[in-house]
Amino acid sequence: ESGLYVGTWGSNLAGWGTFGGANMELDLYAGVKVPVGAGTLDTGLVWYMYPGGADETDFFEGYAKLSGTAGPVSLTASVFYAPAQESLGRVFFTGARAAAG
């Protein structure tokens with residue numbers, strides 16, 4: 001009723017390299033959905049983590065999604081943002097640091 005939500009999602013990373021620890025990804029998320037005009041705004045934050053593994057690969061991402069309809073057509077616009085951090089583009093699948101280029 002309030003529009004608030006929280007949740008978790010997990011996955012085995014077999015075949016994606018070695019992250020150490022449990023070799024899994026665990027995502028924690030929270031957000032809120034609110035009506036905006038005839039549509040809905042969904043905004044929140046996701047924390048991507050690799051329990052017991054390479055801490056430099058943990059990161060967060062914010063998001064906002066606006067959805068609604070125009071006649072028979074459903075429309076959605078989304079934006080996701082992850083600030084500059086160690087895990088974005090500088091780590092190989094093995095968890096090793098990429099060579100400076």
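This report walks through a predicted model of a single protein chain, from its overall layout down to a few residues.

## The big picture

Let's start with the overall make-up. The protein chain has zero helices and five strands, and reading along the sequence gives the pattern β-β-β-β-β.

How much of the chain is tucked away? Of the 101 residues in the protein chain, 23% are buried. The chain exposes about 6,800 Å² of surface, and carbon and sulfur atoms supply 63% of that area. As for links across the sequence, take the contacts in the chain with a separation of 6 or more: residues 24 or more positions apart account for 36% of them.

The five strands form an open sheet, in the order S1-S2-S3-S4-S5, and the pairing is antiparallel. Strand S1 (4–12) and strand S5 (73–81) sit at the edges with a single partner strand each, so one side of each has no neighbour in the sheet. On average, and ignoring direction, neighbouring strands of this sheet are turned by 20° against each other.

As a bit of background, strands of a sheet pair through backbone hydrogen bonds, in either a parallel or an antiparallel way.

## S2 meets S3

Now for the pairing of strand S2 (residues 24–36) with strand S3 (residues 39–49). These two run antiparallel, and 11 bridges join them. To pick out one of the pairings, Ala30 has Leu45 in S3 as its bridge partner.

Met49 is a handy residue to look at here, since Met49 lies in strand S3 because of the DSSP run that defines the strand. With 21% relative accessibility, Met49 counts as partly exposed; the cut-off for buried is under 20%. Which residues does Met49 touch, leaving aside its neighbours within four places in sequence? The contacts are Met24, Glu25, Leu26, Asp27, Leu28 and Asp58. Met24 is 25 residues away from Met49 along the chain, and their C-alpha atoms are separated by 8.4 Å.

## S4, S5 and the turn between

Strand S4 (residues 59–70) pairs with S5 in the antiparallel sense, over nine bridges. Within this part of the model, Ser67 stands opposite Thr76 in S5. The hairpin of S4 and S5 has two residues between the strands, and Gly71 there takes a positive phi near 65°.

Is S5 well covered or hardly covered? S5 is hardly covered: among its nine residues, the count of buried residues is zero.

## Out at strand S1

Leu4 is found in strand S1. Is Leu4 buried or exposed? Leu4 is exposed, with a relative accessible area of 63%. Leaving aside its neighbours within four places in sequence, Leu4 is in contact with Gly31 and Val32. Another pair to find in the model is Leu4 and Asp42: they are 38 residues apart along the chain, and their C-alpha atoms are separated by 9.6 Å.

Which residues make the nonpolar surface patch? Leu28, Leu45, Trp47 and Phe60 do, and the patch comes to about 340 Å². Two of these names have come up already: Leu45 is the bridge partner of Ala30, and Leu28 is among the contacts of Met49.

Trp47 lies in strand S3. At 34% relative accessibility, Trp47 counts as partly exposed.

Note on methods
Residues are numbered from 1 along each chain as its sequence is written. This is a predicted model: local features need pLDDT of at least 70, side-chain atom pairs count only at pLDDT 80 or more; totals for chains, interfaces and linings use all residues. Side-chain values use heavy atoms; hydrogens and water are left out. Two strands pair if DSSP finds at least two bridges between them. Helices (H or I, at least four residues) and strands (E, at least two) are DSSP runs, numbered from the N terminus. Axes are lines fitted to C-alpha atoms, for helices over the stretch in contact, and angles run from 0 to 180 degrees between N-to-C directions. Buried means under 20% relative accessible area, exposed over 50%, partly exposed in between (1.4 Å probe, protein chains only). Contact means heavy atoms within 4.5 Å. Accessible areas come from the Shrake-Rupley method with a 1.4 Å probe; for residues, only the protein chains shown count as cover. Patches are made of residues with over 30% relative accessible area and no salt bridge: like charges are joined within 9 Å, nonpolar side chains (Val, Leu, Ile, Met, Phe, Trp, Tyr) within 5 Å. A salt bridge is a side-chain nitrogen of Lys or Arg within 4 Å of a carboxyl oxygen of Asp or Glu.
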